[in-house]
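User: Please take me through this model step by step, and tell me what each term rests on.

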Amino acid sequence: MRRSLTRRRVLIASVVILMVAGVLIWRYLTPYKPEERAETAMVSAGSIAVEENDNWISFEPSAARGTAVILYPGALVKPEAYAPLARAIAQAGHPFYIARMPLNLAVIKGDAAEEILRVHPKQSFVLGGHSLGGVMASRFAAEHAGQLEGVFFLASYPDEKGSLKDTTLSVLSVLGTEDKVVDRDSYNKGRAYIPSNTVYVSIEGGNHAQFGSYGPQKGDGTATITEEEQQARTVRAMLDWMGNLRQSK
């Protein structure tokens, strides 16, 4: 009788533990969803055709006249959240591809750019990402430098595995002054893994989340500029950088 009661208690405790663990995992893996502004940018209109498949979202200008862009999203951020940024750059003639990640985590699929590059063999590309997406993008770029023109970091930085120091790739780093998510010590250490001619852009008043359109992010600072303004400055920085890619090589 006692053994039966003990087994029942162990079974109940195990079920409770599994339920609690399931809830915690579900909460952790719940992604930041795109806001209305991003949803609107996902619609094909004017000179931009928006297409989706299982692996990426594409923003194709009717008249492509520049280097294409591949973006790895930040951790637990739905790829659609970067639609406003993608659309703005595509409107300047640069095809833009946002990679889809399993569980919205770039660390699971660091080679997401590989298929995009394979499907578009005649197009030149830059690769980059937001937050964790930038870290994983740099790791891919370090191993495939010959297939890329440059790498960009939005509130991000490379680690040792993604060192671009010995490549000829052009690099852009954009960071908001109110970003409280990026670890500044790690960001500064990351400078050792990128070329000395890296272009650094500081967005006064910008924070971590406003590179996308998914609302406030836990632990982030309060931006003193609007999301639209932060993204507009980011677009200008990226267009200026891409416009000088050939000269910087």
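Predicted model: local features only at pLDDT ≥ 70, side-chain atom pairs only at ≥ 80, totals over all residues.

Analyst: Residues are numbered from 1 along each chain as its sequence is written, and side-chain values use heavy atoms, with hydrogens and water left out.

User: What makes E3 and E4 a pair of strands?

Analyst: Strands are DSSP runs (E, at least two residues) numbered from the N terminus, and two of them pair if DSSP finds at least two bridges between them. Three bridges join E3 (residues 68-72) to E4 (residues 96-99), and these strands run parallel; leucine 71 stands opposite isoleucine 98 in E4.

User: Why are E1 and E8 called edge strands?

Analyst: The open sheet has eight strands in the order E1-E2-E4-E3-E5-E6-E7-E8, with mixed pairing. E1 (48-52) and E8 (199-203) each pair on one side only, so they are the edge strands, where pairing asks for the bridges defined above.

User: What lines the largest cavity, and how is its lining divided?

Analyst: Lining residues have an atom within 4 Å of a point of the cavity, which is a set of points on a 1 Å grid over the protein atoms alone where a 1.4 Å probe fits but cannot get out. Among those lining the largest cavity are Phe153, Tyr157, Ser173 and Arg191, and the lining divides into six nonpolar, three polar and one charged. Phe and Tyr count as nonpolar and Arg as charged.

Conventions. Helix = DSSP H or I, 4+ residues; strand = E, 2+ residues; numbered from the N terminus. 1 Å grid on protein atoms, 1.4 Å probe; cavity = no way out; pocket = protein on both sides within 12 Å on 5 of 7 lines; lining within 4 Å.
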